[in-house]
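I opened this structure to look up a handful of places, one at a time. The entries below are in the order I took them.

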Amino acid sequence: MKRKALLFFTIIVSVLSFFSFTSHSQGASKKVYVIPLENEVGKGMYKFLNRGLHEAEKAEADLIVIKMDTPGGAVDSAIDIGKRFSNEKIPIVTFVDNEALSAGAYIALNTDEIYMTKSAVMGAAAPITMDGNTAGKKAQSRWNAAMESAANSYGVDSKYALAMADESVNVPEYGAGEDKLLTLTAKNALEVGYSKGTEENLDSLLEKLGYSDASITAVDESVSEKIARFVTNPIVVPILLSIGSLALIIELFTPTFGLAGFVGILSLLLFFFGHMIAGFAGIETIVLFIIGLVLLFLEVFLPGGIIGIIGLGAIFTSFFMATTSYMLMAISIAIAAIVAIGGAFILMKFFKRRLNGFRKLVLSDSTSTEKGYISSRDRKDLIGQQGITTTPLRPSGTVLLNEEYLDVVTEGGYVGLDIKVKIIKVEGSRIVVRPIKEEIEEE
């Protein structure tokens, strides 16, 4: 009997140990990917986040945590990121570490759950233009619809999302009275259901969600992705193009290729490199840009202007091929053109500079005697000397002077053969003679 009891006890312990080990193994096998969403939302950020999601999918992660701290950014990029998150099969949790403002609030609402730290805030999502002004009615309406749709899909009251985006929607109980946008604190967000909980840090969040023993993988931006995110920023694009165009204009006023040319080329290369990394431009875009530069260079040597126009068209087309916002690119090119033209005007008007790039094509030196150039032999020493015509002068002919035959012309009249003449003027190779009166009277 004792043996049976001991055997039964051993079996029970073994089974419990097995399930305990299995449970522990399953806990340890859980995988969590943490992807930061920091700084301004832009085109480059979408590329980075998309890469992080693909890595999580490939690793068959159990959870994706978006660690958010953003003041907002481009509306179009936010919408693209929101769509990508909403279509992700792996559960996505947003952990607002500090701010989820503007575009950040919209992106967070497109994830499965939102958690915040005690000091975090969320909201103030009104769309603005590049110059910082409130967007027009059409853009406002589109953004309101996007915020409302995101709130509905998240399963919360959309009036708070609308109050974040539109100051005409009043929520006075949370400090969003007339003409004020709603910004929710962690406490407020929890009350209205936008936040699922308030946590001290990422570790406490993972513990709450049951992933304290999970394998954590942090996805970091590469150097190229950081450059791409910076370069594709809507504010940086016109600045970069303006620096590039102004530097190249300055280079045209410089005798040799120098720092200005290097800065100009580097600025344009950064523009295309960033947009290539972000996935908005391909190698064909750079090839088209280079072709445009070559055609512009050839225009200097070939007449007509057609090649130059084609070159400019190729360059502008390459810029538009490298963006998804034609309006932004048109504004950026216009700003760059104004800066370049203004820089050229200042250099010519106030610094009296000339386009050195075209000086080599224009003969600016004069071959004057004062500079040491002699186009023909100076015969001014002949003035006053006398010779004899060896041919009739009608009015040009030949005169023999000191055993030298000279090509001469008269002042306009006819002079016969073997007549004494006097040289009265020498202008370069032109020698002017006048018949001596005595010879004429004897005839």
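Predicted model: local features only at pLDDT ≥ 70, side-chain atom pairs only at ≥ 80, totals over all residues.

**Entry 1, serine 102.** I began with serine 102 and found it in the loop that runs between strand E3 (92-101) and helix H4 (103-109). Is serine 102 buried or exposed? Its relative accessible area is 13%, and the limit for buried is under 20%, so I wrote it down as buried. I then listed what serine 102 contacts, leaving aside neighbours within four places in sequence: Pro71, Gly72, Gly123, Ala124, Ala125, Ala126 and Trp143.

Next I looked up the largest nonpolar core, which has 55 residues. Which of its residues touch the most other members? I noted Tyr106, Ile107, Leu109, Met122, Met147, Met164 and Tyr194. A second, separate core has 16 residues, and I found Leu240, Ile286, Phe319 and Met329 among them. Going back to methionine 122, I checked its contacts without residues up to four places away in sequence; they include Ala100, Leu101, Leu109, Ile114, Met164, Leu184 and Tyr194.

I turned to helix H6, residues 158-165, and counted 7 of its 8 residues as buried. The buried ones are Ser158, Tyr160, Ala161, Leu162, Ala163, Met164 and Ala165. What covers them? I found that the cover includes H4, strand E5 (121-123), helix H5 (137-154) and strand E6 (183-185). At the start of H6, I saw a side-chain oxygen of aspartate 157 within 3.1 Å of the backbone nitrogen of lysine 159.

In helix H8, residues 202-209, I marked Leu202, Ser204, Leu205 and Leu206 as buried. The buried residues of H8 pack against strand E1 (31-38), strand E2 (63-70), E3, strand E4 (113-116) and strand E8 (215-218). At the start of H8, a side-chain oxygen of asparagine 201 comes to within 3.2 Å of the backbone nitrogen of aspartate 203. Just after H8, I noted that glycine 210 has a positive phi of about 90 degrees.

I located phenylalanine 230 in helix H9, residues 223-231. With a relative accessible area of 54%, against a limit of over 50% for exposed, phenylalanine 230 is therefore exposed. I also checked phenylalanine 230 against glycine 42, which is 188 residues away along the chain, and read 8.5 Å between their C-alpha atoms.

Serine 242 is in helix H10, residues 236-252. Its relative accessibility is 9%, so I put serine 242 down as buried. Not counting residues up to four places away in sequence, I found serine 242 touching Ile335, Ala336 and Val339.

I finished with strand pairing. How do strand E10 (396-401) and strand E11 (404-410) pair, parallel or antiparallel? I found them antiparallel, over 6 bridges, and valine 399 stands opposite leucine 406 in E11. E10 and E11 make a hairpin with 2 residues between them, and asparagine 402 in the turn has a positive phi of about 50 degrees. E11 also pairs with strand E13 (430-435), in the parallel sense and over 2 bridges. In that pairing I noted threonine 410 opposite valine 433 in E13.

Notes:
Residues numbered from 1 in each chain as written. Heavy atoms only, no water. Helix = DSSP H or I, 4+ residues; strand = E, 2+ residues; numbered from the N terminus. Buried < 20%, exposed > 50% of the residue type's maximum accessible area, 1.4 Å probe, protein only. Contact = heavy atoms within 4.5 Å. Core = buried A, V, L, I, M, F, W, Y, C linked by side-chain atoms within 4.5 Å. Polar contact = N/O pair within 3.5 Å; in protein donor to acceptor, adjacent residues only side chain to side chain. Pairing = 2+ DSSP bridges.
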